[in-house]
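Please read the points below alongside the model. They start with single residues and end with the chain overall.

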Amino acid sequence: MTVTKNLIDVANPNGVINWSKVAAAGIDGAIIRAGYRGYGTAGTLATDKQYKANMTGANAAGVPVGCYWLSQALSDAEAVAEGKYL
C-alpha cells in the first residue's frame with residue numbers, strides 16, 4: 001500500500017504564508033524551517049525569522065507541522081551545537 005501526502009516546505013524566503021488558504025487547499029501538512037547555520041567562518045546559528053509565525057499560523061489553521069534545521073555543520077561539535085540550539 002502506498003500512502004501519499006501533500007506537504008509543503010516553508011521558510012523565511014517564502015514570505016508570509018496565508019495558512020487559512022493552505023488549509024483550504026487540502027495540504028496534509030507543513031515542514032517548517034526552524035533555523036540554520038550561517039555562512040562564513042563564524043557559522044552563526046540563527047532561528048528562521050518566520051519560524052514562530054509559521055508555527056503559530058499553521059497550528060491555528062489546523063495544518064499538521066514538523067520542523068527541520070538546515071545544517072551546514074563541518075564537524076561533530078558543530079552538529080551537536082545545532083541540535084542543542086534547536
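1. Gly35 is buried, at 0% relative accessible area; buried means under 20%, exposed over 50% and partly exposed in between, with a 1.4 Å probe and protein chains only. Gly35 sits in strand E2 (residues 29–37). Apart from neighbours within four places in sequence, Gly35 is in contact with Ala46, Thr47, Asp48, Tyr68, Trp69 and Leu70, contact being heavy atoms within 4.5 Å. Between the C-alpha atoms of Gly35 and Asp9 there are 13 Å in space, for 26 residues in sequence.

2. On provenance: this is a predicted model, in which local features need pLDDT of at least 70 and side-chain atom pairs pLDDT 80 or more, while totals for chains, interfaces and linings use all residues. Numbering runs from 1 along each chain as its sequence is written, and side-chain values use heavy atoms, without hydrogens and water.

3. Glu82 belongs to helix H3 (residues 76–85). Helices (H or I, at least four residues) and strands (E, at least two) are DSSP runs numbered from the N terminus. Is Glu82 buried or exposed? Glu82 counts as buried because its relative accessibility is 4%.

4. Which side chain is joined to that of Glu82 by a polar contact? The partner is Arg37, at 2.7 Å. A polar contact is a pair of N or O atoms within 3.5 Å; within protein, one must be able to donate a hydrogen and the other to accept it, and residues adjacent in sequence count only if both atoms are side-chain atoms. Setting aside neighbours within four places in sequence, the contacts of Glu82 are Arg37, Leu45, Trp69, Ser71, Gln72 and Ala73.

5. Helix H2 (residues 51–61) has Tyr51, Asn54, Met55, Gly57 and Ala58 as its buried residues. An α-helix has 3.6 residues a turn, so residues three or four places apart point the same way. The cover over the buried residues of H2 includes strand E1 (7–10), helix H1 (19–24), E2, strand E3 (45–47) and strand E4 (65–70). After H2 comes Gly62, with a positive phi near 80°.

6. Overall, the protein has three helices and four strands, in the order β-α-β-β-α-β-α along the sequence. Its C-alpha atoms fill a box of roughly 45 × 35 × 20 Å along the principal axes. Of the 86 residues, 29% are buried. Among contacts with a separation of 6 or more, 51% are between residues 24 or more positions apart.
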